[in-house]
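Visitor: I would like to learn how to read a fold like this one. Can we go through it feature by feature?

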Amino acid sequence: MKGNSSWLFTTQIRKAMEFLRLYRLLHHAMQQGVDQALREMGVDLTSAQLDALICIAHGCGGPVNQRDIEEELHLSNPTVTGILKRMERKGFITRVVGSKDRRYREVRLTEKCVQLGERLHPSAEVMLEQMFQGFTPQEFDTLNRMLLRLLDNCGQIWEEESLPEKAAAAAATP
């Protein structure tokens with residue numbers, strides 16, 4: 001194998017793989033930071049559970065059911081089921097028969113959760129300020145737009161034809 005002629009050493013592949021590593025490290029660091037902050041505050045929640053609570057709280061003024069949470073957080077049904085069961089046992093949510101559709105169970109925050117949110121809000125603001133320190137509002141908007149575009153690109157890879165078929169078509173194109 002020739003060292004520099006390998007596809008693994010192309011600038012485009014190297015830069016893309018570097019980004020993927022950085023993204024993985026960033027995701028891990030952020031998740032660990034949130035989990036650690038919650039533990040230090042004595043809050044019995046994980047970052048995934050907090051994410052679900054925020055999703056429920058921002059339910060666009062209407063009832064939220066499990067499927068809404070799955071779609072918003074891009075998580076599987078079994079994953080969200082586990083998160084909700086644990087949060088219900090901890091007293092942060094209740095699940096009741098839907099007011100609009102009796103086939104669905106609405107997920108609602110409990111008073112305990114609302115009080116927790118009021119307690120967490122100041123710490124969350126400080127943590128987020130530190131996390132995004134040095135970013136201008138324009139840079140933050142640009143970062144979000146770029147990440148959304150990347151997410152959209154990734155979704156298109158799997159929605160259309162399979163990746164091997166695309167690669168074969170690209171290789172056959174002169």
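Visitor: What is the order of the three strands in the open sheet?

Guide: Bear in mind that this is a predicted model. The order is β1-β3-β2, and the pairing is antiparallel. The edge strands are β1 (64–65) and β2 (93–97), each of which pairs on one side only.

Visitor: How many bridges join β2 to β3?

Guide: Five bridges join β2 to strand β3 (residues 105–109), and the two run antiparallel.

Visitor: Which strands does α2 lie across?

Guide: Helix α2 lies across β1, β2 and β3. It runs at about 100° to β3.

Visitor: How do I describe two packed helices?

Guide: Give the angle between their axes and the distance between the axes. Take helix α2 (residues 47–57) and helix α3 (residues 66–73): their axes come within 10 Å and cross at roughly 115°. Helices α2 and α3 are therefore roughly perpendicular to each other. The crossing of α2 past α3 is right-handed.

Visitor: Which residues of α2 and α3 meet?

Guide: First, the general idea. An α-helix has 3.6 residues a turn, so residues three or four places apart point the same way. In this model, α2 brings Asp-51, Ala-52, Cys-55 and Ile-56, which meet Ile-69, Glu-72 and Leu-73 of α3. The residues of this contact of α2 with α3 divide into five nonpolar, no polar and two charged.

Visitor: At what angle do α3 and α4 pack?

Guide: The angle between α3 and helix α4 (residues 77–89) is about 115°, with their axes 10 Å apart. Helix α3 passes α4 in a right-handed crossing. From α3, Gln-66, Ile-69 and Glu-70 meet Asn-77, Val-80, Thr-81 and Leu-84 in α4. The residues of the contact of α3 with α4 are three nonpolar, three polar and one charged. Note Ile-69: it is listed in the contact with α2 and in the contact with α4.

Visitor: How many residues has helix α1, and how far does it reach?

Guide: Helix α1 (residues 11–40) has 30 residues. It reaches 43 Å from its first C-alpha to its last. That is close to the 44 Å expected at 1.5 Å a residue.

Visitor: Which residue takes a positive phi just after α1?

Guide: Gly-42 does, at about 75°.

Terms used: Residues numbered from 1 in each chain as written. Predicted model: local features only at pLDDT ≥ 70, side-chain atom pairs only at ≥ 80, totals over all residues. Heavy atoms only, no water. Axes fitted to C-alpha atoms, helices over the stretch in contact; angles between N-to-C directions. Helix = DSSP H or I, 4+ residues; strand = E, 2+ residues; numbered from the N terminus. Parallel < 35°, antiparallel > 145°, perpendicular 65-115°, else oblique. Left-handed = near helix turned anticlockwise from the far one by under 90°. Contact = heavy atoms within 4.5 Å. Nonpolar A, V, L, I, M, F, W, Y, C, P; charged D, E, K, R; others polar. Pairing = 2+ DSSP bridges. Expected span 1.5 Å × (residues − 1).
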